[in-house]
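Have the structure open as you read.

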Amino acid sequence: MTATVDQVEREIGRDRRRKEDQRLITGRTRWTDNLTLPGMLHLAMVRSPFAHATITSVDTSAAKTAPNVVAVYSGADFGDELGVCINAWPITPDQVAPTHSPMPSDRVAFAGEVVAVVVARSAAEARDAAELVDVEYDVLPAALDLKEAAADTVLAHPDLGTNKSALWVFDSGEAGTGAPVEDAIAKARTDGIVIEREYRQQRLIPAFMEPRSVVVDPTGEQYVMYSATQIPHILRFALAATTGVSESKIRVIAPDVGGGFGGKLQVTPEEWIAWAVGRRLGKPVKYTETRSESLLSAHHGRDQWQKLTLSAEKDGTVTGLKVELLADLGAYVAIVGGGVPVLGAFMFNAIYKFPAYHFSVQTVLTNKTWTDAYRGAGRPEATYAIERLMDELAAEVGVDPIAIREKNWIKHDEFPFTTVAGLEYDSGNYEAATARAKEMIGYDELRAEQMARRASGDKVQLGIGVSTFTEMCGLAPSRVLGTLDYGAGGWEHASVRMLATGKVEVVTGASAHGQGHETAFSQIVADRLGVAFEDVEVLHGDTQVAPKGLDTYGSRSLVVGGEALVKAADKVIEKAKPIAAHLLEASADDLEFANGRFSVRGTDQGMAMAEVALATFAAHNLPDGVEASLDSDATYDPVNFNFPHGTHLCAMEVDTETGELKMRKYVCCDDIGNIINPLIVSGQVHGGLVQGIAQALWEEAVYDDSGTLVSGSFVDYLLPTAADTISFEVDHTTSPSLTNTLGTKGVGEAGTIASTPAVVNAVVDAVRHLGVNDIQMPCTPERVWRAIQDGGSGGATTEAAQPHFDEAEGAGA
Amino acid sequence: MIPAAFDYLAPTSVEDALAALAEHGDDAKIIAGGQSLLPVLRMRLNAPEVLIDLGKIDSLRGIRDDGDAIVIGAMTPHSVVGSDPLVAEHAALISKAVEHLADAQIRHRGTFGGALAHADPAGDLGGPAVALGAQFVIQGAGGTRTVGADDFFVDLFETAIGDDEILTEVRIPKHTGWGARHEKFVRIVHQWPIVAVAATVRVDGGTIAEARIGMANMGSTPVRARAVEEALAGQPATEDAVRAAAERADEGTNPPSDLNGDADYRRHLSRVLTRRAVLAAAGA
């Protein structure tokens with residue numbers, strides 16, 4: 001036996017192709033919009049074209065007479081049964097938040113807000129009739145610019161009396177985790193270095209591949225909602241909490257979901273409207289948004305002004321960091337809402353040993369689309385700020401950007417390390433990741449080439465961008481979330497069911513929407529129970545199948561949900577052991593379990609897990625008092641976050657004549673602990689990198705001065721494709737996390753968090769000798785060119801888009 | 001993204017199409033490849049009652065050699081134009097511009113005549129068309145007429161094609177042996193150009209004998225950089241000479257300002273891209 005034991009190939013660490021991909025890629029799976037229920041009706045939304053307006057009348061009479069229209073409702077047709085969209089994270093006790101009706105009857109607060117819904121027998125008829133709904137508005141002044149809104153010049157919600165929602169503060173002096181930052185800054189002003197900068201986190205749109213879709217079926221004993229959501233369990237809770245339906249009467253199903261990036265971590269007006277309409281009519285209803293509606297009204301991300309003050313000694317040793325944020329909530333405080341910048345509050349100090357730290361964020365209401373989590377949620381903003389600042393400090397001191405980081409970072413032998421923000425970093429090795437990344441990119445050669453290009457005045461200059469990021473992920477732990485006033489916990493639940501035939505059903509409360517859980521979780525369970533990868537089925541995303549869970553976001557599924565799975569599998573083994581011992585006529589103490597087999601120590605006697613499962617199913621010969629089931633549950637709540645880190649290096653060529661950018665090379669060495677499936681990790685890193693690079697270079701949600709989303713289609717919201725990116729070189733160092741037994745760290749957001757500053761640092765590095773120390777994101781060629789011309793950061797984006805599709809279209813092309 | 005209901009006609013001859021157009025007047029829209037019209041319909045920016053599809057009219061498709069010109073049928077897909085050896089030999093500027101046009105899917109569905117008739121000043125084909133002096137053959141009830149490129153583009157989305165007429169083919173005067181270069185400046189590859197410069201040059205013994213330059217997105221129509229063309233004639237194909245001439249690229253233009261670039265940046269780009277395009281076209 002022992003000879004073959006070692007030969008069993010471990011599943012963990014294997015490049016398994018994703019078992020779910022065939023059905024996902026070929027589209028043969030059930031996406032929400034594919035569902036057709038008997039007698040199902042279709043919804044079309046009527047949306048406000050104005051950013052801020054009083055609704056004076058809604059005339060639905062013409063729409064009601066349109067062919068096959070069943071009903072037309074405005075907000076006035078519903079009372080409390082419509083419920084409200086919730087904010088689950090009031091970041092301060094005195095947070096100011098407007099009531100968020102899914103379909104307001106009196107006043108709209110952003111362009112795209114739903115004012116009426118048409119119900120018809122087909123989607124086309126609903127759309128046609130929606131054109132006939134006549135809504136009259138009195139336009140109100142709109143709060144649009146974040147800084148002006150923070151000054152309350154125009155009120156987004158006049159009845160609230162202010163746009164300022166919440167001021168959340170962390171101060172290391174007060175918290176006892178460090179010294180007062182003002183002292184450090186004052187000292188540096190006279191005898192050191194003070195770097196003061198203001199950075200803009202532009203507004204982004206998550207732009208998931210599958211637009212949001214919802215089907216409500218009220219015809220059974222339970223009301224069923226199918227939704228393209230990341231959070232079926234939270235959605236169920238919120239429906240119960242706000243619409244008066246007992247939680248036990250609600251079943252939520254997230255079928256296969258095509259991407260989210262945080263954009264489907266939401267409870268949406270459209271879901272609530274569909275719920276109310278379905279219940280009112282007693283018939284199944286479906287609503288699927290168009291891409292235009294998705295860009296306009298699904299929540300946006302980022303949108304901050306960051307005022308930053310870093311103090312240091314003359315040699316570049318950091319002494320303090322002060323962060324003052326303005327964060328644009330948009331028109332409402334979304335489910336996580338103001339919590340997004342708070343998730344960044346603990347990360348501005350990053351991997352550096354700041355002795356003093358102060359963070360504040362003022363969240364602000366405006367008349368724009370509401371904002372919420374977008375891949376990284378708070379940590380990309382923090383990482384961008386600190387990694388840009390460290391480059392600025394290096395330039396001020398006159399040393400290499402890596403040298404300034406090395407001077408200030410936590411050394412590998414200093415872990416575990418309690419930071420000035422009060423977090424305990426369990427493991428990491430910044431030296432090793434950086435050394436590897438430098439080697440991958442050929443750092444010294446690139447610096448030499450950069451010097452040569454500068455010396456010769458080459459029209460094409462070269463920049464090398466550095467980002468030595470870390471982040472906190474795996475949300476969880478519940479106790480910490482509680483201290484932050486978050487409305488839920490952070491545990492995760494798993495069940496392992498041993499079937500009579502030796503196959504395994506795994507139930508997880510995580511809710512995959514493209515991550516590959518079915519594959520990675522199968523690998524974990526296959527190793528743990530010693531069954532074949534193919535014999536593990538992973539079930540999720542349905543509150544009837546997976547009744548407990550807290551869903552998927554914040555890079556939590558593996559590090560929290562995966563650990564729950566391990567614990568449930570271990571319980572299965574514990575339950576199987578006395579049964580196996582009984583059948584083998586041995587003492588349980590003499591049994592050992594390895595590679596799916598119980599063996600009696602010192603003999604060739606043994607029994608496979610599958611045999612125990614069958615015997616348990618038959619239950620003909622079980623020990624006295626032992627139940628006829630191996631099935632086990634576990635709920636896991638970690639004691640700490642985990643802290644992936646890595647070193648990302650970007651080589652960028654800048655055409656100084658035009659401002660055009662050409663990425664030459666991008667390498668990263670991430671430390672995400674032990675890796676379950678390298679192929680999935682690679683996909684997460686590559687995709688994450690592109691999403692972060694896109695913030696640096698391309699994407700921006702732009703509004704005009706009347707509050708209309710100018711970048712309202714992919715013509716103007718520049719989502720990159722494979723043709724716009726290069727092939728990245730990805731490697732890893734491994735410092736296993738100490739906060740879960742698998743030693744894993746989250747990887748879903750790492751690439752996005754790390755890459756944005758690496759790219760902008762590269763662009764600035766290329767032209768710093770020309771008098772540039774900042775270029776505002778996205779670094780458009782025009783901004784780069786203007787920065788070279790006048791040393792500025794490029795200014796705001798012109799709030800106009802060109803027409804390419806003419807309303808008076810003549811001969812079609 | 002559901003268009004309003006419309007009736008659909010698919011005539012098999014230009015005459016039938018013209019008759020349908022006459023019958024339905026303003027209620028009708030002609031659809032060629034649909035790459036601009038379909039988004040308009042789906043976003044409900046317009047809701048014509050009748051669509052007249054030219055896709056079944058075989059005579060509108062194809063490329064032929066007609067002595068001093070290459071003739072491209074209006075319904076010829078971009079992908080066919082882009083891979084056509086006659087076009088490559090006698091109107092290389094067109095081939096190079098089509099390489100940069102949108103993406104493969106659009107090149108297979110979109111048509112040469114449709115894109116030009118759409119008259120988006122940011123379109124990829126307008127610059128080459130004005131540079132090469134394309135002739136537009138337009139058919140109406142009364143017969144056909146031919147309009148030169150300078151008169152064809154009237155304004156934003158507006159051409160010389162009458163409401164009761166159809167563009168049937170485009171004649172491209174042969175520029176055999178001319179060097180060609182299309183410089184398209186974009187932020188991501190599938191977007192419309194911020195500015196594009198299409199240059200074709202006849203070099204004679206190291207001297208630029210003739211140059212033709214058309215630019216996209218420098219005004220409400222595709223525009224020719226005539227000042228540069230004049231300044232280049234007879235100049236040596238050198239960096240300095242071309243640079244000096246290219247400084248005049250934005251003369252007489254009226255570029256827009258938008259989220260991809262303000263007018264002054266576009267003017268600057270037009271000068272840089274013109275220099276690069278001409279030098280490349282001249283083989284310098």
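## Strand 6 of chain B and its partners

Let's start with strand 6 of chain B, which is joined to strand 10 (residues 166-173) of chain B by five bridges, the two running antiparallel. If you want a spot to look at, find B:Gln135: its bridge partner in strand 10 of chain B is B:Arg171. Keep in mind throughout that this is a predicted model.

Strand 6 (residues 135-140) of chain B also pairs with strand 7 (residues 143-148) of chain B, again antiparallel, through six bridges. The link between strand 6 and strand 7 of chain B is a hairpin of two residues. Here B:Gly140 sits opposite B:Gly143 of strand 7.

## How chain B is divided up

Chain B splits into three pieces: domain 1 (7-52), domain 2 (62-173) and domain 3 (179-281).

UniProt, in an unreviewed entry, annotates residues 1-177 of chain B as "domain: FAD-binding PCMH-type". That span is 34% helix and 25% strand, and its end C-alpha atoms are 47 Å apart.

## Where the two chains meet

On to the contact between the chains: chain A puts in 38 residues and chain B puts in 44. On the chain B side, the elements giving two or more residues are strand 2 (28-31), helix 2 (37-42), helix 7 (112-118) and helix 12 (263-281) of chain B. Which of these gives the most? That's helix 7 of chain B, with four residues.

As for what the chain B side is made of, 26 of its residues are nonpolar, 13 are polar and five are charged.

## A five-stranded sheet in chain A

Over in chain A, five strands make an open sheet with mixed pairing, in the order 7-15-14-13-8. Strand 7 (164-171) and strand 8 (193-204) of chain A are the edges, each pairing on one side only. Ignoring direction, neighbouring strands in this sheet are turned by 10 degrees against each other on average.

A helix packs on the sheet too: helix 12 (residues 379-397) of chain A touches strand 8, strand 13 (301-312) and strand 14 (318-330) of chain A. The direction of helix 12 of chain A makes about 145 degrees with that of strand 8 of chain A.

## An annotated span in chain A

Chain A has a UniProt annotation as well: an unreviewed entry lists residues 26-141 of chain A as "domain: Aldehyde oxidase/xanthine dehydrogenase a/b hammerhead". The span of residues 26-141 of chain A is 10% helix and 30% strand, with end C-alpha atoms 48 Å apart.

## A closer look at A:Ser737

A:Ser737 is in the loop between strand 28 (729-733) and helix 21 (750-767) of chain A. Is A:Ser737 buried or exposed? There are 26 other C-beta atoms within 10 Å of A:Ser737, so this residue is buried, given that 20 or more is the cut-off.

Who are the neighbours? Beyond four places in sequence, A:Ser737 contacts A:Asp426, A:Ser427, A:Asn642, A:Gly673, A:Gly743, A:Thr744 and A:Lys745. A:Glu492, meanwhile, is 245 residues from A:Ser737 in sequence and 18 Å away in space, C-alpha to C-alpha.

Key
Residues are numbered from 1 along each chain as its sequence is written. Chains are lettered from A and ligands numbered from 1 in the order in which they are written. This is a predicted model: local features need pLDDT of at least 70, side-chain atom pairs count only at pLDDT 80 or more; totals for chains, interfaces and linings use all residues. Two residues are in contact if their C-beta atoms, placed from the backbone, lie within 7 Å. Ala, Val, Leu, Ile, Met, Phe, Trp, Tyr, Cys and Pro count as nonpolar, Asp, Glu, Lys and Arg as charged, and the others, Gly among them, as polar. UniProt positions are given in the numbering used here, feature names are shortened, and annotations may be inferred rather than shown by experiment. Domain bounds come from an automatic or database domain assignment. Two strands pair if DSSP finds at least two bridges between them. Axes are lines fitted to C-alpha atoms, for helices over the stretch in contact, and angles run from 0 to 180 degrees between N-to-C directions. A residue is buried if 20 or more other C-beta atoms lie within 10 Å of its own, exposed if 12 or fewer, and partly exposed in between; C-beta atoms are placed from the backbone.
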